[in-house]
Amino acid sequence: DDGVVVGADGVTFRVYDEDVGFDELRYEGTTSTNGSFDVTLSFSEDEPDIYVEFETSNAHITVEDASLWENNYFFETIRHTNFTGSEIAYGTLMPDDADMPVLHIFTNLVRAWRWWAENRSNNVDHLDCLYPEVTWPHYVSATQEIHMPYSAEGRAFRWSSDTHIHEYAHHLRYQFQDPSPSDYDNGICNRADGSPGHCGWCTETGATAINEGWPNWYAGHVLSTYADRYGVAANHTRDSESIQDCRDSDGNVCACDPYRTEGFFQTIFKDLVDDTPGEHDPNSGASYYFDRVDLTLDDALDVLSLNAVNTTQQFVDEIRAQHPEISASDWWSTMNNAGFPLPDNVAPAFPGLFWSPTHSTGSSSPNRSITVNWQPATDAESGVAGYLLRVAETLAAPGWQDEKVYGAPTSWSTPFLQAGHSYYVSIRAFDHEDNLGDWRWVGPYTLRNPSPPDMMATTPGSTWYRPLVARDAGDESG
């Protein structure tokens, strides 16, 4: 639909010599990933009548019409009658505009199959796609068929690459992941005829969230490989990073349980397996939420294939159980980053050792600024956000100097303090949810004036001590 020409990937082609009665098949193969083919043949007759036939079918994918007979689509070149040359260069062959979506759908489904075959398993059952259908796009597991319409309610599904691959992912899920049934009838996001529709960002069920959220991720992931793998970027994709507002298809605010909403499963799956850990998802909330978990695709897909994993909650529980090496704080940050609000009610632990390298108790010091060092504190969930430091003459009294320092410092110095007094320095950590840890303190440190003083006051003597300024002769004014 964007006018970009893309080669038909994986289409079966057959080279024929037209004869009386039955045409002689001379060669059969499939087009390359860019739609090209190149064949060297010899013929038994001197002037063969050569043509090439194309069929939207191969060992893995078939696109056929939606008639009772479910006929495959065929295309033929012109005949080269009584050909006596040595080469036929067909150049770019294109069908009528009305038939163009057939090859577009076929190419997307072949590429959806190829990613799985190259990265997980080549043993995928054959899939048929019926086009054009009169229903909304859907997959039927019993017949292993996708039903794809020309359009529905103004949406041109014939060109929607993301929808084609999304539906193929249902085929994979039923073969490799044993899903529980979905239930879309939540009373919202209904279609024009009143039938239940998809709610990308409204609550459905735990099974629906994973059944639809994972195909959403698969569509976005496969399409993201098009530019590098095939040389032309996809015309559509599905974003798995940006968290959307929970609204129905009419823009109304709806219930928003991340564990039962497909958009959130799509986002958490993407964060767990992407190769850019440390990202902050747009609209995920607090700026200190980051993707801190970096699993392999096999890690996540192996969990998804377990019979006992059929809801988002089951998926999260199982993958956490399989990876005890990942800290609670990394899980906390990653889940919140993907829109799963996890509370943090646990205060940070004490900082480690806390001491002053410049002062000691039991003696006074002329150094009027106290420096303290400490080992970092720890926090089990949201992570240490910084430290609160206090200087006071007694431990019970509020400090006249409370200072928040953010980040991960391990040293701090007081401003100049008053001589003749003793001071305690106290520290406590706080986390990203503003939970405060317990105080730890050092001191008291007694401060005094230097003895002897560092500088002595002087009294002007008989010498001239003011600045001399040169003037013109006769100018003696003050």
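Residues are described here as buried when their relative accessible area is under 20%, as exposed when it is over 50%, and as partly exposed in between, with a 1.4 Å probe and protein chains only. The structure is a predicted model, in which local features need pLDDT of at least 70 and side-chain atom pairs count only at pLDDT 80 or more, while totals for chains, interfaces and linings use all residues. Residues are numbered from 1 along each chain as its sequence is written, and side-chain values use heavy atoms, with hydrogens and water left out. Helices (H or I, at least four residues) and strands (E, at least two) are DSSP runs numbered from the N terminus.

By the burial criterion, helix α8 (residues 328–337) is largely enclosed by the rest of the structure, because 8 of its 10 residues are buried. The buried residues of α8 are Ser329, Trp331, Trp332, Ser333, Thr334, Met335, Asn336 and Asn337, and they pack against α5 and α7 (312–322), a contact being defined as heavy atoms within 4.5 Å. Just after α8, Gly339 adopts a positive phi of about 95 degrees.

A crossing is left-handed if the near helix is turned anticlockwise from the far one by less than a right angle, and right-handed if clockwise. In the classification of contact residues, Ala, Val, Leu, Ile, Met, Phe, Trp, Tyr, Cys and Pro count as nonpolar, Asp, Glu, Lys and Arg as charged, and the others, Gly among them, as polar.

The axes of α5 (262–273) and helix α6 (residues 297–304) come within 8 Å and cross at roughly 140 degrees, and the two helices are therefore oblique to each other. This crossing of α5 and α6 is right-handed. Phe265, Phe269 and Val273 of α5 make the contact with Leu297, Ala300, Leu301 and Leu304 of α6, so that by class the contact has 7 nonpolar, no polar and no charged residues. For α6 and α7, the axes come within 10 Å and cross at roughly 125 degrees, and this pair is therefore also oblique. The crossing of α6 and α7 is right-handed as well. Here Asp299, Ala300, Val303 and Leu304 in α6 meet Phe315, Glu318, Ile319 and Gln322 in α7, and by class this contact has 5 nonpolar, 1 polar and 2 charged residues.

The structure holds 14 salt bridges, each defined as a side-chain nitrogen of Lys or Arg within 4 Å of a carboxyl oxygen of Asp or Glu. Among them, the side chains of Arg14 and Glu53 meet at 3.0 Å, N to O; Arg14 lies in strand β1 (residues 12–17) and Glu53 in strand β3 (residues 50–55), so the pair ties together parts that are 39 residues apart in sequence. Arg14 is buried, with a relative accessible area of 13%, and Glu53 is likewise buried, at 12%. Arg14 also forms a salt bridge with Glu55 (2.6 Å, N to O), which links strand β1 to strand β3 across 41 residues, and both Glu55 and Arg14 are buried.

A further salt bridge joins Arg120 and Asp302, whose closest N and O atoms are 3.0 Å apart. Arg120 lies in the loop between α1 (100–119) and β6 (127–133) and Asp302 in helix α6, so this pair ties together parts that are 182 residues apart in sequence. Arg120 is partly exposed, with a relative accessible area of 28%, and Asp302 is partly exposed at 39% relative accessibility. Salt bridges that share partners join Arg14, Glu28, Glu53 and Glu55 into one network.

Beyond residues up to four places away in sequence, His164 touches residues including His104, Asn108, Met148, Phe157 and Trp159. With the same exclusion of sequence neighbours, Ser249 touches Cys189 and Asn190, and its C-alpha atom is separated by 8.1 Å from that of Ile188, 61 residues apart along the chain.

Technical notes. Axes fitted to C-alpha atoms, helices over the stretch in contact; angles between N-to-C directions. Parallel < 35°, antiparallel > 145°, perpendicular 65-115°, else oblique.
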